[in-house]
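Me: I'm new to this one and would like to go through it slowly. Could you start with the terms I need and then take my questions as they come?

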Amino acid sequence: MITGELKNKVDSIWDTIWTGGITSPITVLEQITYLMFMKLLDDNQIKKEANANALGVTLKNKVFGDGKCVISEEPRIVTDYKNLRWSVFHNFEPNEMFTTVQQYVFPFIKTINTGKDTAFSRYMKDTVFLIPTARVLAKVVDGIDAMDMNNKDIMGDVYEYLLGKIASAGDNGQFRTPRHIIRMMVQLMKPTLADKILDPAMGSAGFIAESANYIQEHFEKELLKKENAEHYKTTMFSGFDTDQTMLRIGAMNMMLHGVEEPNIKYQDSLSADNTERDAYTLIMANPPFTGNVFQEDISKDILALCKTKKTELLFLALFTRMIKVGGRCASIVPDGVLFGSSTAHKMIREELVENQKLEAVISMPSGVFKPYAGVSTAILIFTKTNAGGTDKVWFYDMKADGYSLDDKRSQIADNDIPDIIARFGNPDEEVRERTDKSFFVPKSEIIDNGYDLSINKYKKTEYVAEEYPEPKEILAEIRALEAEIQKGLDELEGLL
């Protein structure tokens, strides 16, 4: 979560657009996103140009070319490429800036990837630039300039905060996932260039964007190979959603990570229209909580595994269908999934324990999603086998995530995330006691407890006996203190 000066800057940008006459929160978010995208496009190319100059090579595949750019043929609109760059037009006086952005820059970014059937080209073609006046645009541009957009952590927090300002945030259980939780899950799953990664409830594409970051950081040399680069840009990342705005934001997000043609599309993942099965090697998601769907619309093979209308259960069933055998999944679930007593709750837990390989249950504190929701959650990690394989399950009782667990979510020193990453998959966990933060529970014990996966069912609490003095000793101490107080009062009275 962002606080202090940065929060005030974001609020100021939002209020400027709102005061300018755009009162729909979702439209405000879109307009800010377009402008941030314009700046990030230029920032990215400036970095690449600097690297190319340092290496003495020619930069290829530039977004902003040299010379003239033809915006459209009919009517014919032409401008210098340099005028399309944030680093140039942000210095224009307000009226010239407004004309440049409205007539040239915004139409230009809509043409990126024109001719290719990419997620970006699909979801940008119907966008409209709605900043009303030159004065409003100039103030917003100044506000964006004042933020450190080269810091990915900060920009992730800014995006999360902007998304949280949408009035619908939290409806139907669609809570935005904090970036540090996304990052933790990606680090636990360790994606590789061999993976095909999916988030079937992608929102702003946080999980697949962070996976792209991870791949860039850990496989930099391998990405120089043509086949790896092509896989990274086209077939490696997929995301589905039913919100056109989120699809647009997600497509922009992925393009800024160098993923030009991700498989991002409008689709209800739970419906019969989703026919993708055994197609992915890694799923990471935070699917909607508490929502319900029309049962007649749900894919029959999902209902065969878990007959319910509850989305949090249906998505878990879906994951087991969409992952290839040997593929892995990490999903955030509400705590009720771990111990719910309905037939559907028990069926999905039994499926994960008996037919797949359930590896870990990481219990998170209820404040993780504040200030938008106080729901308690956990992360389930499993591998698809369709033949069982669960021998024991690793449990971790996360108490702190580096932020206060109130609505302010201020940064604090206590943070279990580094410990979780270090301990996951560590053989030393075998000797941990049930009184520790993490420990293994054998499959047989989980079965005996009706497939209950709540950590409190297995964690042991140590009670330390506290010894108190005898009542006579306590009374004597009280009398001694009383005598001392009386003596002090007498001395004070003597001074008056």
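Reply: A word to begin with: contact, or touching, means heavy atoms within 4.5 Å. This is a predicted model, in which local features need pLDDT of at least 70 and side-chain atom pairs count only at pLDDT 80 or more, while totals for chains, interfaces and linings use all residues. Residues are numbered from 1 along each chain as its sequence is written, and side-chain values use heavy atoms, with hydrogens and water left out.

Me: OK, which residues does Thr 320 touch?
Reply: Leaving out residues up to four places away in sequence, Thr 320 touches Leu 305, Leu 352, Gln 356, Phe 382 and Lys 384. Thr 320 lies in helix H13, residues 311-322, where helices (H or I, at least four residues) and strands (E, at least two) are DSSP runs numbered from the N terminus.

Me: Is Thr 320 buried or exposed?
Reply: Thr 320 counts as buried because its relative accessibility is 2%; buried means under 20% relative accessible area, exposed over 50%, and partly exposed in between, with a 1.4 Å probe and protein chains only.

Me: Switching topic, how many disulfides are there?
Reply: A search of the whole structure finds zero disulfides, a disulfide being a pair of cysteine sulfur atoms within 2.5 Å. Cys 306 is in none, and the nearest cysteine sulfur, that of Cys 329, is 14 Å away. Cys 306 counts as buried, at 0% relative accessibility.

Me: And how do H4 and H6 pack?
Reply: Helix H4 (residues 94-111) and helix H6 (residues 134-145) pack at an angle of about 90°, with axes 8 Å apart. Axes are lines fitted to C-alpha atoms, for helices over the stretch in contact, and angles run from 0 to 180 degrees between N-to-C directions. The two helices are therefore roughly perpendicular, since angles of 65 to 115 degrees count that way, those under 35 as roughly parallel, those over 145 as roughly antiparallel and the rest as oblique.

Me: Which residues make that contact?
Reply: On the H4 side they include Met 97, Phe 98 and Val 101, and on the H6 side Leu 137 and Val 141 are among them.

Me: What about strand S6, which strands does it pair with?
Reply: S6 pairs in the parallel sense with strand S3 (residues 197-199) over two bridges, and also in the parallel sense with strand S7 (residues 323-334) over five bridges; two strands pair if DSSP finds at least two bridges between them.

Me: Why is S6 described as largely enclosed?
Reply: Six of the six residues of S6 (residues 280-285) are buried, so the strand is largely enclosed by the rest of the structure.
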